[in-house]
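Welcome! Here is a friendly look at charged side chains and how they pair up. Please have the viewer ready.

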Amino acid sequence: MTRPDVRRQWNANAVAWTELSRAGFDIYRDLVNTPAFFGLLPPVDGLTCLDLGCGEGHNTRLLAARGARVAALDVADSFITAAAGADRSGIRYLVGDGAALPFRASAFDAVTAFMSLMDVGDPERTLGEMARVVRPGGFVQFSVLHPASSTPIRRWINDESGAREALAAGGYFYQGPLTETWIFGSAPEEVRDQHQPFTITYARRTMAGWLNAVLSAGLAIEAIAEPCADERTASAHPEVADTRIAPYFLIVRARKPAGHTLLR
């Protein structure tokens, strides 16, 4: 199967994505996924980190604000331009391919990938590269779409009042590329109408597929999270309350064993 041209896709998405996410319309990221990611993240103050698939740099800047020295890489030069234009404090930005990272082995104390690993053409090869460039004893942490809810067939089931109460899913065991077209639903209709929807091809894996890919890269899994909105957040922001019905995100932290040598 032909690999998707993810560089072309994300360059096409970058301007609208940057504008809408910076306007606060990426609510699942801001209210659920990012707080959970940083809640699971070990201390990074003083560490040298790679942020792979940095996009417009939102979470990269949060990582640097915690005291990390960050190299931020993305395949889309439009995203790198936007990210570098927002803030360069403690961050070095560069265009590159996650499947062929331009860094020496063991160059970083940690590698993060915020909702980007499923967007590369070859996640397994990219995980191998992440393992190569992190030092022995260092860690890798990434978030992806949750395999249970990012199935080829999925449909919300509503109760009598019209509120979501269950998610019907099918095709769970399919592993391969899925292409979807969508835009941030929290943006007002008049704002959405100003932009072309995003077209995104992502690599779908089952839960076992993701975890086995981590293990095959020579990493030891040490923490897993399936974030959802807490009761207070769901009450204050009912638009993300559906994360309490079915998981939207999977976060994995894995460590490169001390003394481990990865030859590539």
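This report walks through some of the salt bridges, one group at a time.

## The overall count

Please keep in mind that this is a predicted model. The structure holds 14 salt bridges. Some of these charged residues are linked in a network of salt bridges, made up of Arg22, Asp26, Arg29, Asp30, Glu56 and Arg61.

## Arginine 29 and its partners

Let's start inside that network. Arginine 29 pairs with aspartate 30 in a salt bridge whose closest N and O atoms are 2.7 Å apart. Aspartate 30 is partly exposed, because its relative accessibility of 28% falls between the 20% and 50% cut-offs. Arginine 29, by contrast, has a relative accessible area of 12% and is therefore buried.

Arginine 29 also forms a salt bridge with glutamate 56, and here the closest N and O atoms are 3.7 Å apart. The arginine belongs to helix α2 (residues 27–40), while glutamate 56 sits in the loop between β1 (48–52) and α3 (58–65), so this pair ties together parts that are 27 residues apart in sequence. Both arginine 29 and glutamate 56 are buried.

## Aspartate 242 and arginine 164

Which residue forms a salt bridge with aspartate 242? The partner is arginine 164, with the closest N and O atoms 2.5 Å apart. Aspartate 242 lies in the loop between α8 (231–236) and β11 (249–255), and arginine 164 in strand β7 (residues 164–170), so the bridge ties together parts that are 78 residues apart in sequence.

Aspartate 242 is buried, at a relative accessible area of 7%. Arginine 164 counts as partly exposed, with 41% relative accessibility.

Technical notes: Residues numbered from 1 in each chain as written. Predicted model: local features only at pLDDT ≥ 70, side-chain atom pairs only at ≥ 80, totals over all residues. Heavy atoms only, no water. Salt bridge = Lys/Arg side-chain N within 4 Å of Asp/Glu carboxyl O. Buried < 20%, exposed > 50% of the residue type's maximum accessible area, 1.4 Å probe, protein only. Helix = DSSP H or I, 4+ residues; strand = E, 2+ residues; numbered from the N terminus.
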